[in-house]
Structures are given as structure tokens and as C-alpha cells.
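Subject: Structure for you to look over

Hello,

Here is the structure I said I would pass on. My notes on it follow below.

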Amino acid sequence: MAGAKRRAFWKYVRGLAPPTLLAFALLGWLGYDLYTRTHWWQRADEYNLREWLNESRVFRKTLPELVREYLECASDDQASSKAEEIQEQLQALGQPTRMYQGQLPLFPDIYRIEVRFADRTGLAPIVWDAEVPRPKQTQSLVDPRFAGDDRAELRVAYQLHAFNKRQRDERHRQNLTLTIAGLGAAATALAGLWVYFFLKRERQRERLRLAGRQQIEQAERLALENELKRQEAERRHEETERTLLQQELATQVAEQQALQLKSQIHASIGIMAGSYAHNIKNLLVRPNDLLSRFLEADGLSNDQERMISEVKQTLGTVTERLQQILRTVRRDPTRSELTRLDLNALMRDTQRTWEDLARDKWKLLLTAELTPEPLWIDGDLSHLQQALENLVFNARDATFEMRSRVRDQARHAAGLQPQARKQALIDAASWKGTVRLNTRKEGDRAIVEVRDNGIGMTEEVRRRCIETHFTTKRDNAVHEGNSTGMGLGLSFVVVILEHHGATLEIESKPLEGALFRASFPLATGEAELRDGQRLS
């Protein structure tokens, strides 16, 4: 089948090749003729201009004679006098063409005449410039051996007189239009005839081929019916073998399910361990920053003593967190050490821990809006701290990317007035990221929300963001220039929430921020107390 299509393709190519080659040949000849005419006129213009500059006598001497005498001057006085004569000669050559344009239709408009001298002569160039501004479209004439000496070079900027040039262009356009029309009509007629006869012959051949193909298809149909009967007999035989194979597959499926369950357990352990390491790295950002500021200072002050105290306090928190991580890794990762804890207190501690660093280093505002009454749940404090901080860090990176995008758009804004562009840069510089932590009650559930005004997510990214090792972060999208994320943060959060009987909902659109909403079951005593109050 492929061979038949290829043969048909080449047949049409061979049939249409002659008119196509004829059309290309005519176009090539037209292009060459136009190119030749253009360059011939340009050479003719340059020849006339050279003859006028070399032969015109204003002070009984031509410009080349004055230049040769200037080059042979023995004293500075003679050279100065001769330079003034050349300057007057240049003015006399160029000025009349500017003053009497209506009376000199065959002369070009001269805008600049310059006589340059070689560096070894030590002579300054002599220039005459027209008082009228020079248009953008001008011709240039350069004579590197003016006056028969390689020490002098003549440069002229000119434009053909509009009257003379317009007449010549009109004649050229008329001739070109007639030529193109004639050649186009002839080429179209020849190509049309060729295509008509070629297609007529191909239609006749196609009818013959269709008739032969119908006969072949009839024979193939009979052979196919016989083949279907044979395949039906083989299918019945295969049904018996398939029944035996299904029994073997059932045994293999049971074994695979056991292996998958074991793999999921190991994957959960790996997710937790990797996330712990990721969070420890983030915890060390604040102490390192304070130590760097302490080392750069010349002497201790009250603020420095406060920063050193904060370093000690933060390092103590890191040590305590490491101990919690070690205890967590040693036990079954699917089992949490549940205790009665207040979600409001957890959110308040998280906001207090990261508020200063968020304002000073991350350039964002971290706020918390919490319910006045406690939200008691049964949970693992270490796990929930890790999960909540992962959501905060994810919001931090999203606001960092949004800030970079806003500033890049303002910096590369096109089509704005200078004042509007300046205002856009000011607005971009004042843009500030925000991360809000909210809690509330809904029936027998405690709701925790983390909302940001960052870069947002597309629908596809929103669906896949909780997959293990899925990440869209680039090197420049993570705070402080850290390397790209490993795609473990949100998958770790989902695992922790599942172990606490909680669910996670994500709402986001591109450039409109994101909202992560976790719903926890209230502690048993808290839920019963709430039901009793409702009944009373």
C-alpha cells in the first residue's frame, strides 16, 4: 500500500514538474533583469557624478588639481591657503545644486562633500555640509584614489533629483508591469493546458485502476470469510486454555498485592525521612542568618546580645526537633503517638516562630486569624508541626515566584509612556507577599487553612501536586537560591493527614494564589461536649 502511494506521488511530481520549472525560470529571468537594470543605473549615476566633480572648474582649476597642490605644499601658510581654496571649491560645487534645484533638474542634491587624507599625511579632512537636513535614504560615492593619489579620498553623500528620478522610475515601472503581465499570462496559459491534459489522462487511468481493485477486493473478501471461520475454531480452543491461565493469574495477583502493600509501607517511610531532612534544612536558615550578622558587626550591642540569645533558643529548638525525628523514624511510620492538643496553639506557635524571618528575609507578611475557643484534636505534635511548616514553606516559594514575575513584567513593559512605566516599576517594587493562617469549626470538624497570594497553579498541577517527587519549582523559585525541591513536601502532608483521619482540599488558579484546607475530626470529648451543648 505504501509503495503504491509512493509511486502515485512521484507520478504527479513528474507530471507537474515541467510547468513548475517554466514558472521558476521566468521568475528568475525577471529577477536578474531587474537586478541588472538597477545596478546599471547606479553605475551610470556614479559615473556622471565623478565626471562632474573631476571636470568642474570654479577657480580655473579642478578639485583634483587643488588637492594635489595641497598635498605638495611645503609650508603651513601655503597649506592653509590651499585648504581655504579647496573649501571654497567644495562650497561652489555643492551650493548651486541646493539653490537652483528647479533650474538644474539633471544635477543630484548634494548633502555632504568630504576630502579625507591618509593618516601618514597628518592632514585634517576638508568638509562641506549642506545647511538642509540630510534624509535617511541617500546614496554614497567613495573614491579611494582621488586626484590619482592614494593619500587622498573623496566621499560624497547625494540623492538623485526628484524630478529626474521620478520620470525614470515611472518608465521602469511601466516596462516592468507590461513585461510581468505578458510573461504571467503566457506562463499561466501554458501551465493550465499542461495541467488539464495531465489530469484528464490520470482520471482515465484511475477509473481503470478502480475497476481492477474492485475485482481484487471481491476475491479478498471470500478469502477473509474462510479465514474468519478458521479463527472461530481456534478461538474456541483458546477459551479452554484461557480458563487455565486465569487460575494461575489469580495466584499471581494475590502475590503482587502483598508486594505492593510492602512497597507502600517502605515508600511512606522514605517520604517521612526525606521530609524531615528538608525541614531541618529550613530550620537552620534563621540561626545561620543571625550568626552572619553577628560576625559582620564590630562590637556587641543590645541587639546583638538579643540575636545571640535567639540563636541559642533556635538551636535548642533544632535539637528538640531532631530528637522528635529520631523517635519518629524508629517507630512504625503509619502509627502516630496521639495526644490531646490544641490546633490554635499549634498555629500560634508556627506564626510566632516564622513571623520575623518571613518579614525580614522572605519579604512577606505571615498572619494568623484563629477562633477564640480552643480546637482540641487527638494528634501527633511532631507530625503536625512538620506538616504545617511544609504548607508555610510551600506558600513562601509561591509568593517568591509571584514577586519575581511582577517585577520582570514591570521591567520589560513595552508600549508604556515613561511616567507610566516608572509607576509600574514602583508598584512592582511595593508588591508584598502574604500568608494567612486561619482556623474555624464546622460541625464536629476542625478546619485549618493556609492561604497565599503567590503564583498559583494550573488545574493539572493542582491535581498532581500531592504526588511523590512531583515538583514544578525552578532554581530561582526557591527562597535564598536553594536547589530545586524534591517533590516530597505535599506528599508528606497528605500522609500525615491520613494518619490523623484528616482530609486536604486545594483551591488554586494561575496568578491568583492558593488555598490549602485541612479538615480534622475534633477530639472525642470535645465532640460529645459540643453535641450536649447543642441539645441543651
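A word on terms before the findings: a residue is called buried under 20% relative accessible area, exposed over 50%, and partly exposed in between, using a 1.4 Å probe and protein chains only. The model is a predicted one, in which local features need pLDDT of at least 70 and side-chain atom pairs count only at pLDDT 80 or more, while totals for chains, interfaces and linings use all residues. Residues are numbered from 1 along each chain as its sequence is written, and side-chain values use heavy atoms, with hydrogens and water left out.

Overall picture

The protein chain has 12 helices and 11 strands. Both kinds of element are DSSP runs numbered from the N terminus: helices are H or I with at least four residues, strands are E with at least two. Of the 536 residues of the chain, 32% count as buried. For contacts (heavy atoms within 4.5 Å), the count is as follows: among those between residues at least 6 apart in sequence, 69% join residues at least 24 apart.

Salt bridges

Side chains of opposite charge can pair when their charged atoms come close. A salt bridge here is a side-chain nitrogen of Lys or Arg within 4 Å of a carboxyl oxygen of Asp or Glu. The whole structure holds 28 of them.

One joins E232 to R235, with the closest N and O atoms 2.4 Å apart. Both residues lie in helix α4 (residues 162–283), 3 residues apart, about one turn of the helix. An α-helix has 3.6 residues a turn, so residues three or four places apart point the same way. E232 counts as partly exposed because its relative accessibility is 31%; R235, at 37%, is also partly exposed.

A second salt bridge is between E505 and R517, at 2.9 Å from N to O. This pair links distant parts of the chain, with E505 in strand β10 (residues 503–508) and R517 in strand β11 (residues 514–521), 12 residues apart. E505 is partly exposed, with a relative accessible area of 43%, whereas R517 is buried at 15%.

E449 and R440 also meet through their side chains, at 2.7 Å from N to O. E449 is buried, with a relative accessible area of 6%, and R440 is partly exposed at 28%. These residues belong to a network of salt bridges that links R440, E442, E449, E505, E507 and R517.

Strands around β11

Two strands pair if DSSP finds at least two bridges between them. β10 and β11 pair in the antiparallel sense over 6 bridges, and the bridge partner of S508 in β11 is A514. The two strands form a hairpin with 5 residues between them, and L511 in the turn has a positive phi of about 65°. Strand β9 (residues 445–452) is also antiparallel to β11, joined to β11 by 8 bridges; R445 has P521 as its bridge partner there. β11 is mostly covered, with 7 of its 8 residues buried.

Strand β5 (residues 339–342) runs antiparallel to β7, and 4 bridges join them. In β7, I377 is the bridge partner of L341. Strand β7 (residues 376–379) has a covered face made of I377 and G379, and an uncovered one made of W376 and D378.

Helix α7 covers residues 343–360, and its 18 residues should span 26 Å at 1.5 Å a residue; the end C-alpha atoms are 26 Å apart, which agrees. The expected span is 1.5 Å times one less than the number of residues. There is a kink of about 40° in α7, centred on W354. The bend at a residue is the angle between axes fitted to the seven residues ending there and the seven starting there. W354 is also one of the buried residues of the helix, which include L343, L346 and M347.

Two single residues

T62 sits in the loop between α1 (2–55) and α2 (63–71). T62 is buried, at a relative accessible area of 5%. Leaving out residues up to four places away in sequence, T62 touches N54, E55, S56, R57 and Q89.

V406 is in helix α8 (residues 381–411). The C-alpha atoms of V406 and A428 are separated by 5.7 Å, although the two residues are 22 apart along the chain.

Regards
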